[in-house]
Amino acid sequence: HMRIGDFPKYYSGEAKAPVLTIFIGGNHEASNHNWELYYGGWAAPNIYFLGYSGCVTVGNIRIAGVSGIYNARDYHLAYYERPPYVHKEDKIRVYHTRHYEVFKLSLLKEPVSIMLSH
């Protein structure tokens with residue numbers, strides 16, 4: 001998880017995902033980049049980040065997701081970490097799922113076809 005991999009090729013436009021790719025954050029993504037797309041958005045051509053929690057409709061399929069991993073200690077806290085993440089604890093806690101994100105998804109009125117979580 002400490003190496004860049006091939007995402008920079010997609011981000012720069014050198015490569016393009018052959019199909020629409022929708023993703024959520026976990027503990028192996030670039031948290032600083034994901035924070036810039038907190039509400040979701042295009043991370044690269046044809047690659048969409050659902051945000052820290054979000055829902056999109058593709059055709060007639062509703063896809064929702066919540067980013068991060070569960071940690072009981074941080075679950076009920078607000079986000080206080082801000083980039084650049086210079087403290088080791090912030091680098092770890094920034095990808096912990098917060099109750100607020102799950103609560104936002106609980107407000108969805110229409111059914112969800114696919115739910116993503118880490």
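**Surface patch, salt bridges and aromatic pairs**

L20, W42 and V58 come together as a nonpolar patch on the surface, with about 290 Å² of accessible area together. The model described here is predicted. L20 counts as partly exposed because its relative accessibility is 38%.

Charged side chains come next. Side chains of opposite charge can pair when their charged atoms come close. In this model the count comes to four salt bridges. One of them joins D74 to R73, with the closest N and O atoms 3.5 Å apart. The two partners fall into separate accessibility classes. D74 has 0% relative accessibility and therefore counts as buried. R73 has 51% relative accessibility, so R73 counts as exposed; the cut-off for exposed is over 50%.

D74 also meets R93 in a salt bridge, at 3.4 Å from N to O. This pair links distant parts of the chain. D74 belongs to the loop between β5 (61-66) and α3 (88-93), whereas R93 belongs to helix α3. The two residues are 19 residues apart.

A further salt bridge is formed by R98 and E81, whose closest N and O atoms are 2.8 Å apart. R98 lies in the loop between α3 and α4 (99-106), and E81 lies in the loop between β5 and α3, so the pair ties together parts that are 17 residues apart in sequence. R98 is buried because its relative accessible area is 0%. E81 also counts as buried, because its relative accessibility is 0%. Elsewhere, salt bridges that share partners join R73, D74 and R93 into one network.

The side chain of E81 makes a polar contact with the side chain of R98, at 2.8 Å. Not counting residues up to four places away in sequence, E81 touches D90, R93, V94 and R98.

The structure holds 12 aromatic pairs. One of them is the tilted pair of F23 and F49, with 5.0 Å centre to centre and 35° between the planes. The pair links distant parts of the chain: F23 is in strand β1, and F49 is in strand β3 (residues 47-49). F23 and F49 are 26 residues apart. F23 has a relative accessible area of 18%, so F23 is buried; the limit for buried is under 20%. F49 is buried because its relative accessible area is 0%.

An edge-to-face pair is made by Y38 and Y79. The ring centres are 6.1 Å apart, and the angle between the planes is 85°. This pair, too, links distant parts of the chain. Y38 lies in the loop between α2 (31-36) and β2 (41-44). Y79 lies in the loop between β5 and α3, 41 residues apart from Y38. Both Y38 and Y79 are buried. The two pairs belong to one aromatic cluster, formed by F23, W35, Y38, Y39, F49, Y52 and Y79.

E101 is part of helix α4. E101 counts as buried because its relative accessibility is 0%. Apart from neighbours within four places in sequence, E101 is in contact with Y38, Y52, S53, V66 and Y79. Among these, Y38, Y52 and Y79 are members of the aromatic cluster.

K109 lies in the loop between α4 and β6 (114-116). K109 counts as exposed because its relative accessibility is 77%. From K109 to F23 the separation is 86 residues in sequence and 22 Å in space, C-alpha to C-alpha. F23, by comparison, is buried at a relative accessible area of 18%.

Notes
Residues numbered from 1 in each chain as written. Predicted model: local features only at pLDDT ≥ 70, side-chain atom pairs only at ≥ 80, totals over all residues. Heavy atoms only, no water. Patch = residues over 30% accessible without salt bridge, like charges linked within 9 Å, V, L, I, M, F, W, Y side chains within 5 Å. Areas by Shrake-Rupley, 256 points an atom, 1.4 Å probe, with all protein chains shown as cover. Salt bridge = Lys/Arg side-chain N within 4 Å of Asp/Glu carboxyl O. Buried < 20%, exposed > 50% of the residue type's maximum accessible area, 1.4 Å probe, protein only. Helix = DSSP H or I, 4+ residues; strand = E, 2+ residues; numbered from the N terminus. Phe/Tyr/Trp six-rings, centres within 6.5 Å; stacked < 30°, edge-to-face > 60°. Polar contact = N/O pair within 3.5 Å; in protein donor to acceptor, adjacent residues only side chain to side chain. Contact = heavy atoms within 4.5 Å.
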